[in-house]
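Dear colleague,

I am handing over the structure we spoke about, and below it I have written down what was found in it. Please keep it open beside this message while you read.

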Amino acid sequence: MREQTPVRYDENRKCWDIFRYEDVQYVLKNPKLFSSQRNRANESMLTTDPPKHKQLRDLVNQAFTPRAIEALAPRIQEIADDLLAPHLATGQIQMVHDLATPLPVIVIAELIGVPSSDRERFKEWSDIQVKGAKNDSDEAFQELMVEKAKNHEELSSYFMNIMEQRRVLPEDDLISLLLAAEIDGQKLTDKEIVGFCILLLAAGNETTTNLITNAVRILAEQPQLQQQLREHPEMIQTAVEETLRYYPPIVAIGRVAKETVELGGQTIQAGDQVISWVGSANRDEQKFANADSFIPDRKPNQHMGFGFGIHFCLGAPLARLEGRVVLQTLLSHMDQIQLVPNTPLQPIQSAFVFGVKEYPV
Ligand code: HEM
């Protein structure tokens with residue numbers, strides 16, 4: 001498709017598909033031409049355009065600098081050790097259920113400032129945020145929307161409650177930081193703070209789960225990598241990066257054309273839906289030598305697994321850190337990581353997400 005139909009309109013899905021690296025990058029770096037706005041009812045940083053986007057992003061940015069995130073390393077290590085410990089005796093672990101799902105949820109809960117006594121309830125809410133429909137029917141979809149709306153309400157009032165407490169007695173957590181954040185006299189409204197916390201659950205949990213699982217899957221599929229990374233631990237971080245290129249948790253990013261645009265010899269009309277296939281761009285031979293090979297120390301590696309441009313993933317430093325810590329921990333505790341024989345892999349049912357439902361090793 002990159003060669004023959006790099007920019008194509010799909011009549012059935014009523015949208016444009018963009019496959020080449022250069023074209024995907026063009027779409028993502030031009031928010032004036034390609035908008036992120038979807039529905040106004042549920043507005044967040046992810047679905048706003050400049051100038052509102054910049055204002056929101058600058059305010060929350062300070063909590064996500066690489067330095068602020070690196071400080072979380074010892075705690076993330078502790079969480080990874082605790083989650084792995086019960087499985088060391090049997091030597092078997094359900095990667096998605098036992099490690100890759102709980103780890104990012106606990107990290108985000110602690111970052112936001114959710115008390116540990118509420119952790120279970122918080123996990124249930126988080127799961128509903130990223131849940132898919134039971135099947136492809138309209139009823140299942142509607143049912144899910146109702147469940148998500150109710151969940152959104154419960155989470156909102158839960159976060160509002162914590163916010164009221166932090167307003168009186170600030171703590172060393174994200175909610176307290178967001179309450180105090182101010183740029184040029186501008187502060188976040190209560191609704192924006194709550195919306196941002198909910199966005200973190202939706203944007204940060206399932207993606208990181210899939211990054212961890214996809215990375216472990218590559219180690220199991222190409223076992224020689226395990227020894228290579230043990231001998232060169234400095235390569236673990238670049239191997240995480242290569243995972244984001246080779247098996248990206250998010251394979252497609254949606255936009256809406258704001259003006260009529262010529263791209264790849266095609267005319268995209270204002271109002272058309274545009275899907276940028278990051279999964280394809282990341283394998284574009286024009287950009288990456290040996291694009292279909294996993295090269296753990298690939299440099300440079302300008303993959304678009306975290307997107308590109310003004311919406312580039314805010315949580316990238318955190319996801320990178322979680323990926324590195326988990327791989328280090330697994331490689332140091334397990335002699336050999338292999339998929340339990342005869343396990344059929346079930347892909348997650350989503351056109352935008354790349355991952356499997358379970359990966360027992
Ligand atoms: C945005 C991927 C982890 C928070 C994005 C975008 C991508 C992405 C592709 C751009 C979306 C667009 O352009 O429309 C990923 C992947 C992750 C990950 C693959 C894990 C491996 C996280 C984490 C957090 C997070 C851990 C927070 C704790 C966000 C936020 C945005 C975002 C807030 C919106 C940024 C903006 O609109 O300016 N992510 N993400 N993500 N991500 Fe991530």
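A crossing of two helices is called left-handed if the near helix is turned anticlockwise from the far one by less than a right angle, and right-handed if clockwise. Helices (H or I, at least four residues) and strands (E, at least two) are DSSP runs, numbered from the N terminus. This is a predicted model, in which local features need pLDDT of at least 70 and side-chain atom pairs count only at pLDDT 80 or more, while totals for chains, interfaces and linings use all residues. Residues are numbered from 1 along each chain as its sequence is written.

I begin with the helix pairs. Helix H4 (residues 73-88) and helix H6 (residues 102-112) have a right-handed crossing, and they pack at an angle of about 140° with their axes 10 Å apart. Axes here are lines fitted to C-alpha atoms, for helices over the stretch in contact, and angles run from 0 to 180 degrees between N-to-C directions. In this contact, Ile-76, Ile-79, Ala-80 and Leu-83 of H4 meet Pro-102, Leu-103, Ile-106 and Val-107 of H6, where two residues are in contact if their C-beta atoms, placed from the backbone, lie within 7 Å. By class, the contact of H4 with H6 has eight nonpolar, no polar and no charged residues; Ala, Val, Leu, Ile, Met, Phe, Trp, Tyr, Cys and Pro count as nonpolar, Asp, Glu, Lys and Arg as charged, and the others, Gly among them, as polar.

Helix H12 (residues 235-246) and H14 (316-333) pack at about 120°, with their axes 9 Å apart, and H12 passes H14 in a right-handed crossing. Ile-236, Gln-237, Ala-239 and Val-240 in H12 meet Arg-320, Gly-323, Arg-324, Leu-327 and Gln-328 in H14, and by class this contact has four nonpolar, three polar and two charged residues.

Next comes the sheet. Five strands form an open sheet in the order E1-E2-E9-E6-E3, with mixed pairing, and two strands pair if DSSP finds at least two bridges between them. E1 (7-10) and E3 stand at the edges with a single partner strand each, so one side of each is left without a neighbour in the sheet. Four bridges join E1 to E2 (residues 15-18), which run antiparallel, and Tyr-9 has Trp-16 as its bridge partner in E2. E6 (residues 252-257) is joined to E9 (residues 273-277) by five bridges, also in the antiparallel sense, and Arg-255 stands opposite Val-274 in E9. E3 (residues 34-35) pairs with E6 over two bridges, antiparallel, with Ala-257 of E6 as the bridge partner of Phe-34.

The model also holds a ligand. Of the 24 residues around the ligand, Gly-204, Thr-207, Gly-307, Cys-313 and Gly-315 come nearest; a residue is near a molecule or strand if its C-beta atom, placed from the backbone, lies within 6 Å of it. The largest share of this shell, seven residues, comes from H10, and the shell has 15 nonpolar, eight polar and one charged residues.

Finally, the backbone deserves a look. Most residues other than glycine have a negative phi, and most peptide bonds are trans. Lys-14, in the loop between E1 and E2, has a positive phi of about 55° although it is not a glycine. The peptide bond from Pro-50 to Pro-51 is cis, with omega near 0°, and a cis peptide bond also joins Lys-299 and Pro-300, with omega about -10°.

With best wishes
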